[in-house]
Amino acid sequence: MIHKFFRRIFARNLPAVSTAPVVRMIPRKEHGISRQQISPGALKVTAALHQAGFSAFVVGGAIRDLLLGLEPKDFDVATNATPEEVRTLFRRSRIIGRRFRLVHVNYGNEMVEVSTFRANCSVDNNTGMPAQSYADQHGRLLHDNIFGSQEEDVIRRDFTINALFYNPATEEILDYLSGYEDIKAKRLRIIGEPVQRYREDPVRMLRAVRLAAKLDIQIDDSAAAPIGNLAPLLQNVPAARLFDEMLKLLMSGHSLACVVDLRMRGLHHGLLPMLD
């Protein structure tokens, strides 16, 4: 059940998202996505989780891409089952990660990534900033394995267009943060207060540039404004994460637009030394 204290605060003149509004249930006749468009592996994973008594949804980029008329690269699943509970349900699966524990479930040649709903326990209730025990001195989250409800999970996702939940059983989309409207408007809005969210994970700044170029959408003014000042935070990100994100950016099919935008926003220095 949705917590009664959640209320709708989204308005067109409030570009940043700071809390979860009442969920909107979007039927197939409106959004147009059928379960036949979902990969066989993701359908089997969600069905098995449902049969075991858990909730499970296809989430993130796959639903976003389908709504934009693009072919998803992969299909991720979110559930209220813990990684250990997911692992026991699927013989060909393994738990990966330390900062962010996930389960990879294999069906033939397909790998489905399954994540457990996260809580926002990393935020200090008194200051609204990342709790010291979970973040470094710059605000970057070091630990994100506090599990919570679906309503809590949607708040800790990065952008509204990545916070849509698709239920293959009913073919409905659950939209807590008007991400569906943002997709239709081709607008990239960050969830929460932009400075805090970029401090939690500076790679989000690179991801915003990549998604804007790949999807041909505009970064919302509130999400774009702090990027230049916060660019030095990338120096605190482990090289392996930066390497992985830059590979995605350069292999996106829109690398020129991405590199131009990185330079314009002051994000390029040190990432591509030959272009500095």
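In the predicted model, Leu256 and Met264 are exposed on one side of helix H12. The buried residues of this helix, which spans residues 255–264, are Cys258, Val259, Asp261 and Leu262. Viewed down the axis of H12, these buried residues fall within an arc of 165 degrees, so they line one face of the helix. An α-helix has 3.6 residues a turn, so residues three or four places apart point the same way.

Glycine 266 follows H12. The phi of this glycine is positive, near 75 degrees.

Leu267 belongs to the largest nonpolar core, which holds 59 residues. Together with Ile63, Leu267 touches the most other members of that core. Helix H8 gives the most to this core, with 9 residues. Contacts of leucine 267, leaving aside residues up to four places away in sequence, are with Met205, Leu206, Val209, Ile227, Ala231, Leu234 and Leu262. Leu262 is also among the buried residues of H12. A second core is separate and has 13 residues, including Phe57, Ala78, Ile155 and Ala163.

Leu267 also lines a pocket. The second largest pocket has a volume of about 270 Å³. Its lining comprises 15 residues, of which Leu242, Leu267, His269, Gly270 and Leu271 are the closest to its centre. By type, the lining of the second largest pocket divides into 11 nonpolar residues, 4 polar and no charged.

Methods. Residues numbered from 1 in each chain as written. Predicted model: local features only at pLDDT ≥ 70, side-chain atom pairs only at ≥ 80, totals over all residues. Heavy atoms only, no water. 1 Å grid on protein atoms, 1.4 Å probe; cavity = no way out; pocket = protein on both sides within 12 Å on 5 of 7 lines; lining within 4 Å. Points joined across faces, edges and corners; volume = space filled by probe spheres on them. Nonpolar A, V, L, I, M, F, W, Y, C, P; charged D, E, K, R; others polar. Buried < 20%, exposed > 50% of the residue type's maximum accessible area, 1.4 Å probe, protein only. Helix = DSSP H or I, 4+ residues; strand = E, 2+ residues; numbered from the N terminus. Arc of directions from axis to C-beta. Core = buried A, V, L, I, M, F, W, Y, C linked by side-chain atoms within 4.5 Å. Contact = heavy atoms within 4.5 Å.
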